[in-house]
Amino acid sequence: MDKFTSHTGVAVPLRRSNVDTDQIIPAVYLKRITRTGFEDGLFAAWRKDPGFVLNQPAWANGSILIPGPDFGTGSSREHAVWALQNYGFKVVIGSRFGDIFRNNSGKAGLLIATVDQAVVEQLWADAEAAPGADFTVDLKTRTITTPQRVVEFAVDEFTRHRLLEGLDDISSTLQLADEISAYEADRPSFKPTTMSVEVPA
Amino acid sequence: MGRTLSEKLWDAHVVHKGEGGEPDLLYIDLHLVHEVTSPQAFEGLRLAGRTVRRPDLTMATEDHNIPTLHPELPIADPVSRAQVETLRRNAKDFGVPIHSLGDVDQGVVHIIGPQLGVTEPGMTIVCGDSHTSTHGAFGALAFGIGTSEVEHVLATQTLPQARPKTMAVTVDGTLPDGVTPKDLVLTLISEVGTGGGQGYMVEYRGQVFEEMSMEGRMTVCNMSIEWGAKAGMVAPDQTTFDYVKGRPLAPSGADWDAAVDYWKTLRTDEDAVFDREIHLDGSAITPFVTWGTNPGQGVPLDSSVPAAESFTDEVARSSAERALNYMDLKPGTPMRDIRIDTVFLGSCTNGRIEDLRLAASVIKGHKVAEGTRMLVVPGSARVRLQAMEEGLDKVFLGAGAEWRGAGCSMCLGMNPDQLAPGERSASTSNRNFEGRQGRGGRTHLVSPPVAAATAITGHLSAPADLAAVEV
Ligand code: SF4
C-alpha cells in the first residue's frame with residue numbers, strides 16, 4: 001500500500017445522509033474481477049442528474065469527499081472504496097460511517113477522517129463559499145485546512161500508523177505465524193471442516 | 001465478574017492480544033466465499049505467491065450473480081459468466097470446496113452454512129458479505145468483511161479486529177399471531193435507527209427469542225447489520241442443538257457430546273454486564289413494513305405514510321423528505337393503499353423453508369392479483385427441493401407466481417431479476433435502498449405472510465385482510 005502523509009485537493013460537499021454502498025456503487029457494476037475501472041459505477045444513479053455535485057465543473061475533479069452522516073452503510077462491497085479511489089478520491093470526511101466501509105477504506109488506503117457533524121457543516125460552507133477550492137488533509141498533524149480555518153479530525157491510531165507507513169496487514173500478521181500454528185494445535189476436534197465435501201478435481 | 005456470550009466467543013478466538021490500541025488477532029473457524037467479493041482477493045494471493053492457509057475451513061458458493069432461470073444454460077451475460085468462472089478456477093487452483101450452480105448444496109451463502117451443519121455454536125464466521133451476521137443465530141460470532149479482509153483470512157485464517165462493546169436486546173412476552181421475526185426486527189430498527197447498533201456485538205435475548213425457531217433467529221440476526229451492529233447473536237440452547245444435530249458436516253459420536261458440553265458453557269453469565277441494554281415488548285409488535293429508503297424508515301402496516309415534518313431530528317427529516325420523493329409517496333396515505341407491482345419472496349432473510357411454508361399457507365387457494373407479479377426464489381437448491389417435496393411449488397405456481405432457481409436474485413438486482421424504473425415491490429429481503437432491486441425501483445420490506453397477502457390483493461396487506469377477498 002502507498003504511504004499517506006498529506007493530501008491537497010478539491011473538496012466536494014455531498015449534502016446527503018445515509019449514503020449506503022448501494023448508492024456509492026450499484027450491484028450491476030460489481031461484476032469486474034479487477035480492482036480498477038469502478039469509477040464508471042460511482043454514484044451511478046445520481047450522476048445522471050445534471051444538478052449532482054460531481055457534475056458541476058468546479059467539483060468534477062474532487063479528491064476530498066465530505067458527505068453527511070452514516071456514509072458507507074449497508075453492503076460490505078469494497079468496490080465502493082475502489083470506485084471512490086478509481087474516480088480520484090483520497091479522503092472522505094464525515095461524522096459517522098458504516099463499520100465495514102471504514103475498515104475497507106483503511107485496508108485499501110482511502111483515509112476516513114471523522115469530525116463532528118457541526119464541523120461537517122462548516123466544511124460544507126467553506127467548500128461552497130469558493131467552489132473548487134483546495135483543502136489540505138494532513139494525517140501527521142490530524143488537521144484539515146480550508147481557505148477559512150484549520151480543524152482537527154479523528155482517526156484511530158492503528159489505522160493512522162498503517163497509512164503513514166504504508167504497511168501491509170497480511171505481512172504483519174504472517175510474522176505471527178507461530179502463534180497461529182500454536183492456536184491451531186489447541187483447537188478442539190469437534191470444530192467442523194468443510195472438507196467432507198468433494199474438492200474440485 | 002461474569003462474561004457475556006459475545007465476550008466468551010471473542011476471548012476463545014484471540015490468537016494474539018493487541019497492545020496499546022492495537023487490535024486483537026482473532027482466529028477464524030469458517031470463511032465463506034462467493035463470486036462477487038473474492039476475485040480480487042485470490043488475485044492478491046497469486047500476486048504475492050501465497051496459498052490459502054486452511055482450505056478445509058473455507059467454503060465457496062455461487063449466489064449473487066447467477067441467473068434463477070435456465071441453470072442448465074451458460075450464463076448469458078459474459079461479464080457475469082466470467083466472474084462465476086473465475087470463482088470456479090480459484091476454488092480449483094487453491095483447493096477450496098465449492099458448491100456451484102447445479103450442485104444440490106448451492107445457494108445463498110448464509111443459507112447453505114447452517115444447512116450443511118458447518119455453522120455451529122461457539123465459532124467465528126466471516127464472509128465478504130454484510131449479512132454474515134445471520135450465523136450469529138447459532139451463538140457464533142459472525143460478521144461481514146471486505147475483499148482486503150477476505151484476502152487476509154485466506155492467507156492467514158485470522159483477522160485483526162478491535163474489540164466492540166456489548167449490547168443486549170431483550171424482547172419479552174410472546175409475538176401475537178401473524179407477527180413474525182421479520183416484523184420484530186423491522187420494528188427494532190425503526191426504533192433505534194440505522195446507526196443504533198454501531199460499535200456493538202448484540203445479543204438478542206428474552207422469552208420471544210427462547211421460543212423462536214432457528215430460522216426465525218436467523219432472520220433477526222441477519223438484519224443486525226441494518227442497524228449498524230458489528231454482529232448479532234442468540235445463545236445456543238436445545239433448539240440450536242436439535243437443529244444442528246445430524247447435519248452433514250456436524251460433529252457426531254463423542255465429538256458431538258464434547259461439542260454440546262462446550263456449547264452449553266457459552267451462555268451469558270448471570271452477573272455479566274452489557275455496555276448497553278434495549279428492551280422491547282414482543283406482545284405489542286404488529287405486522288411492520290417500510291415506507292422509505294433505509295430499513296429504519298418503517299411503520300406498522302395499520303398506519304400511514306409519515307410526513308417528513310413529523311421528524312424532529314434535522315438529518316432524519318431531510319432523509320425522510322428525499323425518501324418520500326424517491327418512493328413517490330404522499331404523507332397520510334394508508335400503507336394498505338399502496339399498490340404493488342412485484343412481490344419478491346426470497347433472500348437470506350426470508351428464503352428458508354419455514355418462510356416458504358408460511359407464504360404458501362397464506363396463498364393457497366388464492367390467485368396473484370392482476371397487474372402484480374410474484375417471484376418465489378428459494379434460498380438454496382436444497383430448500384427448493386424440500387419445498388417441492390412438500391408441494392409448495394404447486395401452490396405458488398397454481399396461484400400464478402413464478403417458481404425460480406436458488407440465489408440472491410432480486411434481493412440485490414445484480415442478475416436479470418430486477419425492478420424496472422418506477423416499479424414498486426413488496427420484498428421479504430433486507431434492504432430498501434434507492435435502486436437496490438433495480439435502478440429507479442421502489443422497495444417496501446415486508447414479512448413472508450405480508451408478501452403473500454400483498455400478492456393476492458395487489459396492495460400492501462396482511463393475511464387477516466384476506467377474509468374479504470373471494471377465493
Ligand atoms: S440474499 Fe441478498 S442480502 Fe443475502 S447474501 Fe444475497 S444479496 Fe446479500
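Modeller: Here is a walk through the interface, then one of the partners, then a single residue. Keep in mind that this is a predicted model.

Let's start with who touches whom. On the chain B side, 83 residues are in contact with chain A, and 63 residues of chain A take part in return. The size of an interface is often given as the accessible area lost when the parts come together. For chain B and chain A, that buried area is about 5900 Å², and carbon and sulfur atoms give 57% of it.

One you can look up yourself pairs B:Asp77 with A:Lys31, where the closest N and O atoms sit 2.7 Å apart.

Which helix of chain B gives the largest share of the side that touches chain A? That's helix α5, residues 147-156, with seven residues on that side. Taking the whole side of chain B that touches chain A, you'll find 33 nonpolar residues, 31 polar ones and 19 charged ones.

Along its principal axes, the C-alpha trace of chain A spans about 65 × 40 × 25 Å. Of the 201 residues in chain A, 55% are buried. Contacts within chain A also reach across the sequence: among those between residues at least 6 apart, 68% join residues at least 24 apart. As for the surface, chain A exposes about 8000 Å², with carbon and sulfur atoms supplying 50% of that.

B:His99 lies in strand β5, which covers residues 98-99 of chain B. Is B:His99 buried or exposed? It's buried, because its relative accessible area is 1%, and a residue counts as buried when that value is under 20%. The side chain of B:His99 also has a polar partner: a contact of 3.1 Å joins it to the side chain of B:Asp103.

Technical notes
Residues numbered from 1 in each chain as written. Chains lettered and ligands numbered in written order. Predicted model: local features only at pLDDT ≥ 70, side-chain atom pairs only at ≥ 80, totals over all residues. Heavy atoms only, no water. Contact = heavy atoms within 4.5 Å. Buried area = accessible area lost by both parts, 1.4 Å probe. Salt bridge = Lys/Arg side-chain N within 4 Å of Asp/Glu carboxyl O. Helix = DSSP H or I, 4+ residues; strand = E, 2+ residues; numbered from the N terminus. Nonpolar A, V, L, I, M, F, W, Y, C, P; charged D, E, K, R; others polar. Buried < 20%, exposed > 50% of the residue type's maximum accessible area, 1.4 Å probe, protein only. Areas by Shrake-Rupley, 256 points an atom, 1.4 Å probe, with all protein chains shown as cover. Polar contact = N/O pair within 3.5 Å; in protein donor to acceptor, adjacent residues only side chain to side chain.
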